[in-house]
Amino acid sequence: MFPAFDKLHSTLKQLPGLGSRSAERICIHLLAERPEKLDQLVLALQEAAQHVGRCPVCGNLCQGETCSICEDPTRDDSRLCIVESVNDLLAIEKSGAWKGRYHVIHGRISPLKSIGPESLNLESLKSRLQNGAIHEVLLALANDIESEATCHYIQEVVLADTSITISRIGFGLPSGGDITYADSLTLRNALESRKSFA
Ligand SMILES: [Zn+2]
């Protein structure tokens, strides 16, 4: 249409869940129909960019030094649930089935996409495991080949030489199914039916 419109459109359509048509609708909404919302969006984006970051302990999103889950004194320090994304953490939180802590690794090992273990949030995981407080690690990763490889890497490299019990989420999910899109009941069942991973 014109350069500023095209730039906004091409930026929006790269966002997850937004195709070209939805991005175009949002552009028209913000620029033509409800321009006051554009200012609100700019302010909200600036505030989020300035104040929101990754929790240095677990990798969850946080505003402040650490996230609300790390700061919650009622959580079970002896159990750690490893998830691939903040979306997965939120889905498990909604299910209400986990009262331990979390660690978000931000991705999965994928040789095809050149994602190796060094790209994942594993260094802070190693240091968390060294303090001896954690007795159980639950691998709540998806049910596909890349997640499988990631689970094995964590077991064989990150958790090597520890006496920590490792379990993996049981699956009522279809093969390749993502945790983010599972409903709460399915997730509760998957957590309760976790199996020893060895
Ligand atoms: Zn945290």
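Two strands count as paired if DSSP finds at least two bridges between them. In this predicted model, L138 of β5 stands opposite S167 in β6.

**The sheet**

An open sheet of five strands has the order β4-β3-β5-β6-β7, and its pairing is mixed. Its edge strands, β4 (100–104) and β7 (195–196), each pair on one side only. Helix α5 (residues 86–95) packs on this sheet and touches β3 and β4; the direction of α5 makes about 160 degrees with that of β4.

Strand β5 is joined to a strand on either side, as the table lists.

| Strand pair | Residues | Bridges | Direction |
|---|---|---|---|
| β3 and β5 | 76–83 and 136–139 | four | parallel |
| β5 and β6 | β6: 165–168 | four | parallel |

From β5 the chain passes through helix α7 (residues 145–158) to β6, in a right-handed β-α-β crossover.

**The zinc site**

The zinc ion is coordinated by the SG atoms of C55, C58, C67 and C70, at 2.3 to 2.4 Å. Along the chain these donors follow the spacing C-x2-C-x8-C-x2-C. The arrangement is tetrahedral because the four donor atoms subtend angles of 100 to 120 degrees around the zinc ion. The ideal angle for four tetrahedral donors is 109.5 degrees. Among the coordinating cysteines, C55 and C58 are both buried.

Notes
Residues numbered from 1 in each chain as written. Predicted model: local features only at pLDDT ≥ 70, side-chain atom pairs only at ≥ 80, totals over all residues. Heavy atoms only, no water. Donors = N, O, S within 2.8 Å, 3.2 Å for Na, K, Ca; no water. Tetrahedral: all angles 85-135°; square planar, octahedral: opposite > 155°, others 65-115°. Buried < 20%, exposed > 50% of the residue type's maximum accessible area, 1.4 Å probe, protein only. Helix = DSSP H or I, 4+ residues; strand = E, 2+ residues; numbered from the N terminus. Contact = heavy atoms within 4.5 Å. Axes fitted to C-alpha atoms, helices over the stretch in contact; angles between N-to-C directions. Right-handed = clockwise from strand over helix to strand, strands pointing away.
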